[in-house]
Amino acid sequence: MMKSAFLQLCFVVAGCSLSSSVPAAEANLTRLPNIVYIYGDDIGYGDFSCYGAKSVQTPSVDRLAKEGLRFTTAYCSSATCTPSRYSLLTGEYAFRQKGTGVLPGDAALIIKPGRATLPSILKKAGYTTAVVGKWHLGLGEYNSKADWNGEVKPGPLEVGFDYAFIMAATGDRVPCVYIENHRVVGLMAEDPLFVNYNEAYPGEETGVSVRNKLKMDWSHGHNNAVVNGIGRIGFMKGGKSALWKDEDMADQFTQHALGFIKRSKDKPFFLYFATHDIHVPRVPKPRFVGQTTMGPRGDAIVEFDACVKVILDLLDQLKLTDQTLVILSSDNGPTLDDGYKDGANEKVGSHKPAGPLRGGKYSLFEGGTRIPFIVRWPGHVQPGVSDAVVNQVDLAASLAALTGEKPDPATMPDSLNVLPALLGQSKTGRDHVVEYANRIALRQGHWKFIPPGLVQDQLGPWKQVTVDAPGALFDLSADPGETNNVAAAHPEIVKQLSAKLVSPHEAITSPSSQGLPQRL
Ligand code: NG6
Ligand code: CA
């Protein structure tokens with residue numbers, strides 16, 4: 001199976017000199033590539049130096065861009081984390097399912113065990129699969145609560161991963177512990193862990209009761225449990241031996257990622273490396289503090305880049321670079337003040353976290369979901385820049401195609417095979433993108449249509465603008481910053497796009513640029 005899939009692959013890979021008559025071994029390509037997916041959190045379109053940032057330098061991300069293909073028009077599937085990650089792993093738009101909004105840390109698993117997922121497909125193709133880092137897709141049985149002191153399941157291992165070293169939700173949500181496979185790491189039976197999102201545990205400090213002693217003050221929310229001197233969302237008590245230290249988190253995740261790569265290097269592996277950086281609370285390791293003039297948000301970008309370096313260096317050392325497909329991206333657009341007083345707004349200076357785009361995290365403007373996206377596979381992906389339109393929801397079908405698997409379209413309804421675009425063989429990908437930030441908007445070709453309603457329009461704190469009927473229409477080719485609403489000048493386009501959005505099914509049943517049926 002693997003070999004025939006591999007041979008098929010060789011027909012489609014750009015720059016691959018292998019023809020049907022050349023045995024795989026002769027081309028020194030005897031196995032499917034490893035896949036490392038590096039997923040930053042809340043990193044915007046303008047946050048890396050290879051995407052134009054000047055106030056922060058990201059040499060390792062830039063190295064990937066130089067050696068790989070840097071996309072200008074790639075999208076995540078939602079302007080917040082949980083729905084984006086849900087779509088990435090399932091190949092289904094999150095807005096189809098209730099309960100896929102930003103989850104609390106005690107939420108049940110929202111991916112049904114047994115359904116086809118990106119990791120389960122790769123596992124079927126022979127890969128060893130791992131998730132290291134932020135999970136945020138719930139843990140435990142539907143309609144019940146996880147048993148933090150026992151086996152924490154179902155979770156990643158039940159939806160296609162062989163190994164997991166994760167945080168349950170976010171850095172700012174309890175429980176503030178790591179979970180390795182089915183167990184909370186470092187928990188002692190005599191000090192059990194309790195978690196709830198409703199009320200404080202009597203006698204436990206909160207971000208309100210000890211506000212003047214906090215390491216980092218909160219600006220909104222984040223005033224429930226206090227862990228490592230930082231207020232969080234949600235309450236917890238006990239489990240003292242298991243509590244994380246924010247300053248160590250990037251190291252913890254990176255070390256576990258390295259361990260997985262070293263253990264798995266002898267056969268194809270898939271690593272989903274989901275960093276906490278640069279989500280709040282931004283508390284980088286001391287050696288990164290002050291590396292930029294932008295305060296913790298800028299320093300966290302430097303920390304993220306250092307984690308990328310460690311992973312790339314290990315691939316070099318193990319001589320795996322040429323046989324590893326590395327994809328680097330972010331789960332949603334950028335934000336400044338996201339609930340802590342870390343100086344992100346005050347110190348941003350001339351830096352533009354979303355680059356030339358309008359809006360950021362939580363927004364239906366382009367800054368919400370258009371994100372950095374880089375693909376490197378030496379010898380197979382020609383280095384350069386691609387304007388092809390791709391969406392992270394497509395990775396499931398595309399990586400399935402790469403590995404010779406054929407997911408059932410019914411189980412991955414929104415994932416398109418855009419492999420030729422990902423590998424730089426095609427200049428086009430999708431012909432449309434459904435953008436999602438609590439409600440949906442549509443990009444079709446160079447047109448962007450936002451239906452009437454409220455749209456988040458700042459990088460934090462919260463500020464919304466109202467889009468009046470019949471909706472806002474932007475010509476992204478002439479106006480990438482979405483400043484000039486041309487709806488009045490193009491009523492027929494507004495009518496057409498708004499009709500498609502009323503029924504998202506229709507929006508996606510038009511044939512794609514690759515002649516494949518587009519499924520929703
Ligand atoms: C918001 C939080 C924000 C962040 C976000 C989720 C408040 C006031 N704001 O509700 O800090 O945690 O949820 O971010 O609590 S995400 O990247 O995981 O989607
Ligand atoms: Ca996020």
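**View 1. Spacing of the calcium donors along the chain.** The donor residues of the calcium ion (ligand 2) follow the sequence pattern D-D-x288-D-N. Two of these residues, D41 and D331, link distant parts of the chain, 290 residues apart. D41 sits in the loop between β1 (34-40) and α2 (59-67). D331 sits in the loop between β13 (324-330) and β14 (373-376). Helices (H or I, at least four residues) and strands (E, at least two) are DSSP runs, numbered from the N terminus. This is a predicted model: local features need pLDDT of at least 70, side-chain atom pairs count only at pLDDT 80 or more, and totals for chains, interfaces and linings use all residues. Residues are numbered from 1 along each chain as its sequence is written, chains are lettered from A and ligands numbered from 1 in the order written, and side-chain values use heavy atoms, without hydrogens and water.

**View 2. The calcium site.** D41 (OD), D42 (OD), D331 (OD), D331 (OD) and N332 (OD1) coordinate the calcium ion (ligand 2) at 2.2 to 2.8 Å. Donors are N, O and S atoms within 2.8 Å of the metal (3.2 Å for Na, K and Ca); water is not among the atoms, so sites may look incomplete. D41 and D331 are both buried (under 20% relative accessible area, 1.4 Å probe, protein chains only).

**View 3. Polar contacts of ligand 1.** An oxygen atom of ligand 1 lies 2.6 Å from a side-chain N or O atom of D172. For H222, a polar side-chain atom is 3.1 Å from an oxygen atom of ligand 1. The protein buries 83% of the 450 Å² that ligand 1 exposes when taken alone (Shrake-Rupley method, 1.4 Å probe). A polar contact is a pair of N or O atoms within 3.5 Å.

Note on methods:
A polar contact is a pair of N or O atoms within 3.5 Å; within protein, one must be able to donate a hydrogen and the other to accept it, and residues adjacent in sequence count only if both atoms are side-chain atoms. Buried means under 20% relative accessible area, exposed over 50%, partly exposed in between (1.4 Å probe, protein chains only).
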